[in-house]
Amino acid sequence: MTTKIFVPCDAAARAVGADKVAAALVSEAKRLGRAVEIVRTGSRGLFWLEPMIEVQTPAGRIAFGPVKAKDVTDLLTSDFSAGHRLHLGRPEELPFLKRQTRINFARCGIIDPLSLAGYRAHGGGRGIERARSLGAAGTVEEVTKSGLRGRGGAGFPTGIKWKTVADTAADQKYIVCNADEGDSGTFADRMIMEGDPFLLIEGMAIAGFAVGATKGYVYIRSEYPDAIRTMERAVVLAEADGMLGPEAGFDIEIREGAGAYVCGEETSLLESLEGKRGQVRAKPPLPAHKGLFGKPTVINNVLSLVTVPAVLADGAKHYADLGMGRSRGTMPIQLAGNIKHGGLFEAPFGMTLGELVDDIGGGTHSGRPVRAVQVGGPLGAYFPRGLFDTPFDYEAFAARDGLIGHAGVVVFDDTVDMARQARFAMEFCAIESCGKCTPCRIGSTRGMETIDKIIRGERTEANLAIVTDLCQTMKFGSLCALGGFTPYPVLSAIKHFPEDFNRPRLAAAAE
Amino acid sequence: MSPAWDEARAQDILRRHSGRKGALLPILHDIQAEFGCVPAPAIPVIAHTLNLTRAEVHGVVSFYHDFREKPAGRHVLKLCRAEACQSMNGEAFAQQVLERFDLDWGGTTPDGRLTIEPIYCLGLCASSPSAMLDGQPMARLDQDSLDEIAREVG
Ligand SMILES: Cc1cc2nc3c(=O)[nH]c(=O)nc-3n(C[C@H](O)[C@H](O)[C@H](O)COP(=O)(O)O)c2cc1C
Ligand code: SF4
Ligand code: FES
């Protein structure tokens with residue numbers, strides 16, 4: 001009998017040897033005379049267990065991990081016995097997965113990403129069917145009712161954005177998927193594109209149907225070659241199937257970024273798609289009125305778009321019933337950095353930061369105490385343990401001078417030097433600034449130099465005052481959130497970790 | 001080795017993209033895949049075909065971190081310097097790699113076999129520190145990885 005073995009092809013699994021494991025399974029099975037069939041899947045998102053393979057048994061799939069190529073012989077000769085030291089049991093029973101509510105990630109890690117039959121067998125395609133039965137206006141209405149807010153960072157209601165485009169008359173409209181995912185600590189867009197690409201295609205096709213757009217672009221950052229490859233193949237397969245193309249009335253083109261963080265900002269992204277420098281446009285006009293090539297454009301993050309098929313398939317109410325306050329539904333939270341159990345954790349809004357980091361994440365990877373957590377990428381604030389009671393919710397984070405952004409959570413242990421982290425925030429802004437506004441372009445470099453002085457212990461008080469002032473100027477004098485939000489990590493580091501900005505006194509105390 | 005500048009090949013690439021709207025980035029990616037960089041003589045050719053000025057094309061090439069004006073080494077190692085990798089001592093690891101090959105950020109070894117560049121997040125942030133070697137992802141980097149990199153680049 002042939003044993004079916006699932007091996008992830010997600011970049012994070014490949015990065016720790018999944019391809020070698022797959023190759024070893026094939027060659028060792030041959031040598032041992034065992035019949036195996038290898039199926040490559042996305043990742044389940046338990047990255048400390050990758051490469052995590054799953055073996056099909058009469059009792060369902062059984063997981064083993066982390067598997068190295070050298071473990072393969074042993075696994076095969078033991079017939080994947082439950083007594084094996086890498087045996088993890090049924091993946092659904094692993095606490096990290098069991099505690100999740102997977103809506104966006106329902107199929108990721110389970111199916112062969114490029115099998116449309118597998119996609120449909122696991123519920124794919126029901127969203128667009130329901131959209132067609134509701135009609136365009138009814139679809140927009142349903143998305144609005146779900147309470148879905150943009151997952152790219154700003155949290156703008158997706159239904160309202162769609163309605164604006166639907167109500168704007170034009171000979172051509174576009175759907176643009178923002179897959180630039182530049183925030184450190186985030187990988188949810190990447191995982192979906194590598195693990196369930198047809199879901200994104202379905203989400204974009206629904207958007208096109210709802211607003212009357214016939215063409216879509218997916219702008220994927222060049223740092224994601226695997227995602228680009230998978231999405232390109234998926235588009236070809238979808239065209240062959242009729243899910244895309246003339247019959248469907250919707251086409252998708254995959255475009256590759258070129259290593260500019262600011263191109264994640266929606267207007268900069270549109271410039272880039274038009275073949276220009278990625279400079280931010282002043283608003284108005286809104287992209288919904290005058291977007292790509294001057295035409296009405298829906299621009300949405302990957303996660304916003306992949307939520308839509310589920311909202312339609314199972315109804316807006318089902319989705320809106322989850323969450324807290326004005327944050328409805330689930331959020332695929334990405335636990336990253338110095339964390340024991342890092343990975344993709346999709347849950348309804350409302351869990352506290354402490355639960356996520358300590359209970360789900362298991363604290364630090366190094367085993368040392370957690371000291372700081374940066375939420376929301378390079379423009380997000382650093383939170384101390386004292387704020388661990390903050391629930392994961394747009395408004396709750398804003399009330400504490402933070403943001404959830406694209407839901408990346410980066411954990412640091414007590415060896416972190418927060419003055420250096422503040423300096424890096426300024427440096428990153430200086431490297432990635434599009435150059436349009438002086439506070440962002442020049443202010444970030446000044447900020448970096450000034451923090452360097454603080455780190456050297458030069459005129460600490462005066463220089464801290466300069467940095468605080470600079471942050472005010474950047475906040476209010478920047479066109480976009482790159483310059484405007486860089487003050488978040490800087491000021492939160494100064495506010496919550498003042499001791500790191502006061503070296504001479506520390507040195508004196510130590511003597 | 002990337003082939004030397006060849007206008008006919010560049011024209012082939014341009015033809016492949018004709019009719020595509022806003023195609024400058026895809027064109028530049030393909031030119032760089034062919035020649036290892038965007039060579040200076042490519043600029044007027046592209047500008048002419050797309051009805052742009054040379055300054056406009058040059059402006060785009062220089063705006064994006066990905067485009068090179070000179071070819072890189074035979075192998076390209078991109079080490080992640082963003083926050084999640086910092087939290088796992090990525091900077092110390094990066095320093096070790098740079099020292100091992102006696103390079104600074106952006107530098108190429110004198111024999112042209114390796115270029116090391118910074119990159120800001122590869123989406124491997126739950127398996128930090130991470131890197132990309134010739135387009136292949138690497139994560140949970142440690143001392144063994146350093147030897148592996150050295151073996152790969154020969
Ligand atoms: C500097 C900067 C970088 C951004 N990067 C991204 C990104 O990588 N992905 C993303 O979806 N949104 C990003 N955004 C937010 C977008 O501008 C925009 O709000 C989003 O694409 C809208 O989609 P949504 O409503 O579905 O969130 C960024 C914003 C700024 C200011
Ligand atoms: S804030 Fe910075 S990145 Fe944003 S538009 Fe101004 S200069 Fe460009
Ligand atoms: S921060 Fe290094 S991979 Fe994301």
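**Helices, strands and domains of chains A and B**

Student: In helix α15 (residues 353–360) of chain A, which residues are buried?
Tutor: The model is predicted, with local features needing pLDDT of at least 70 and side-chain atom pairs pLDDT 80 or more, whereas totals for chains, interfaces and linings use all residues; side-chain values use heavy atoms, without hydrogens and water. Residues are numbered from 1 along each chain as its sequence is written, chains are lettered from A and ligands numbered from 1 in the order in which they are written. Buried means under 20% relative accessible area, exposed over 50% and partly exposed in between (1.4 Å probe, protein chains only). By this criterion, the buried residues of α15(A) are A:Leu353, A:Gly354, A:Leu356, A:Val357 and A:Ile360.

Student: Which residue with a positive phi follows α15(A)?
Tutor: Helices (H or I, at least four residues) and strands (E, at least two) are DSSP runs, numbered from the N terminus. After α15(A) comes a residue with phi near 75 degrees, namely A:Gly362.

Student: In what order do the 5 strands of the open sheet of chain A stand?
Tutor: Two strands count as paired if DSSP finds at least two bridges between them. The pairing in this sheet is mixed, and the order is β2-β1-β3-β4-β5.

Student: Why is one side of β2 (36–41) and of β5 (87–89) of chain A left without a neighbour in the sheet?
Tutor: From one strand to the next, the twist averages 30 degrees. β2(A) and β5(A) stand at the edges, so one side of each lacks a neighbour in the sheet, because each has a single partner strand.

Student: How many bridges join β3(A) and β4(A)?
Tutor: These strands form a hairpin with 2 residues between them, and A:Ile53 stands opposite A:Phe64 in β4(A). β4(A) is mostly covered, with 5 of its 5 residues buried. β3(A) and β4(A) pair in the antiparallel sense, and the number of bridges is 5.

Student: Which residue of β5(A) is the bridge partner of A:Ala63?
Tutor: Strand β4 (residues 60–64) of chain A pairs with β5(A) in the antiparallel sense over 2 bridges. The bridge partner of A:Ala63 in β5(A) is A:Gly89.

Student: At about what angle does helix α2 (residues 18–32) of chain A run to β2(A)?
Tutor: Axes are lines fitted to C-alpha atoms, for helices over the stretch in contact, and angles run from 0 to 180 degrees between N-to-C directions; contact means heavy atoms within 4.5 Å. α2(A) lies across β1 (3–8), β2 and β3 (53–57) of chain A, and the angle to β2(A) is about 170 degrees.

Student: How far apart are the C-alpha centres of domain 1 and domain 2 of chain B?
Tutor: Domain bounds come from an automatic or database domain assignment, which gives domain 1 (7–63) and domain 2 (75–153) of chain B. The distance between their C-alpha centres is 30 Å.

Student: Within what arc do the buried residues of α7(B) fall?
Tutor: In helix α7 (residues 143–153) of chain B, the buried residues are B:Ser145, B:Leu146, B:Ile149, B:Ala150 and B:Val153. They line one face of the helix, because down the axis of α7(B) they fall within an arc (taken from the directions from the helix axis to the C-beta atoms) of 140 degrees.

Student: Which exposed residues does the face of α7(B) turned away from its buried side carry?
Tutor: The buried residues of α7(B) pack against β1 (75–80), α6 (90–100), β2 (114–119), β3 (131–133) and β4 (136–138) of chain B. The face turned away from that buried side carries B:Asp144, B:Arg151 and B:Glu152.
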